[in-house]
Amino acid sequence: MTDVALRPWSAVDLDLLRRNNAPELMEHLGGPESEAKLLARHARYLRGWEDGSSRMFAIVTPEHPEGVGAIGFWPRDEGGRALFEVGWTVQAAFQGRGYARAALAQVIAEAHRVDPSRAVAAYPRVDNDPSNALCRGAGFVLEGVEEFEFPKGTWLPSNVWVLPAPAPGTA
């Protein structure tokens with residue numbers, strides 16, 4: 001297994017967030033964000049740990065303790081079904097090494113630890129082949145395609161991948 005750890009998001013991760021804002025990483029998310037939006041996102045990630053509204057992590061390796069990407073989850077209600085939505089990014093120079101796969105397995109385990117009754121869902125754009133393959137490989141079930149607005153003003157079709165909650169007593 002790839003040697004990857006998840007470090008809770010902290011003040012030192014603003015530079016990681018800036019590196020994750022590269023055009024090639026943001027193409028499926030409406031393009032790079034402005035510095036003001038990055039600062040707001042960073043504050044939201046920090047606040048999530050303080051108020052319990054989300055859990056964001058830096059994806060780190062022994063060789064790259066500064067981080068190679070980010071992953072996290074937050075509660076979402078989808079038509080009366082309580083879920084955790086998960087999202088991630090791995091910097092281009094570190095893709096194809098299994099870091100996203102290892103980080104996703106860890107964040108799923110953490111989400112199930114936080115609330116084992118919730119399914120975990122991901123919503124990659126339909127044309128984001130690597131993220132869709134990651135969902136498929138992690139055991140998510142493709143439930144369909146929906147139009148999502150992200151960023152504000154941009155509606156694009158996304159796959160709806162759901163990993164059912166574990167059976168009671170197995171999380």
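## Sheet, helices and ring contacts in a predicted model

F148 has L156 as its bridge partner in β7. That bridge belongs to an antiparallel pairing of β6 and β7, which runs over eight bridges. The structure is a predicted model. Mean pLDDT for the protein chain is 89, and 91% of the residues reach 70 or more.

β6 and β7 form a hairpin with five residues between the strands. In this hairpin, G153 takes a positive phi near 95°.

Strands of a sheet pair through backbone hydrogen bonds, in either the parallel or the antiparallel sense.

| Strand pair | Sense | Bridges |
|---|---|---|
| β2 (residues 55–60) and β3 (residues 69–78) | antiparallel | five bridges |
| β5 and β7 | antiparallel | three bridges |
| β6 and β7 | antiparallel | eight bridges |

I59 has G69 as its bridge partner in β3. V120 stands opposite L163 in β7.

### Helices on the sheet

N132 is found in helix α5. Is N132 buried or exposed? Its relative accessibility is 4%, so N132 counts as buried. Leaving aside neighbours within four places in sequence, N132 is in contact with P124, R125, V126, N159 and W161.

### Aromatic pairs

A search of the whole structure finds five aromatic pairs. One of them joins W9 and Y45. The ring centres of W9 and Y45 are 5.1 Å apart and the planes stand at 85°, so this pair is edge-to-face. W9 lies in the loop between β1 and α1 (14–19), while Y45 lies in helix α3 (residues 35–51). The pair therefore ties together parts that are 36 residues apart in sequence. Both W9 and Y45 are buried.

A further pair is made by W49 and F57. Here the centres are 5.3 Å apart and the planes are at 90°, so this pair is edge-to-face too. How exposed are its two members? W49 is partly exposed, with a relative accessible area of 29%. F57 has a relative accessible area of 5% and is buried.

### Arginines over rings

Two arginines sit over aromatic faces. The charged end of R76 is placed over the ring of Y123, 4.6 Å from the ring centre. R118 lies over the face of F84, at 5.0 Å from the centre of that ring.

### Contacts across the sequence

L14 lies in helix α1. L14 is buried, with a relative accessible area of 16%; the cut-off for buried is under 20%. Not counting residues up to four places away in sequence, L14 touches L39 and H42. L14 and H42 are 28 residues apart along the chain, yet their C-alpha atoms are separated by 6.3 Å.

V90 lies in strand β4. V90 is buried, at a relative accessible area of 8%. V90 and R19 are 71 residues apart in sequence. In space they are 9.9 Å apart, C-alpha to C-alpha.

Methods:
Residues numbered from 1 in each chain as written. Predicted model: local features only at pLDDT ≥ 70, side-chain atom pairs only at ≥ 80, totals over all residues. Heavy atoms only, no water. Pairing = 2+ DSSP bridges. Helix = DSSP H or I, 4+ residues; strand = E, 2+ residues; numbered from the N terminus. Phe/Tyr/Trp six-rings, centres within 6.5 Å; stacked < 30°, edge-to-face > 60°. Buried < 20%, exposed > 50% of the residue type's maximum accessible area, 1.4 Å probe, protein only. Lys NZ or Arg CZ within 6 Å of the ring centre and 35° of its normal. pLDDT = per-residue confidence, 0-100. Contact = heavy atoms within 4.5 Å.
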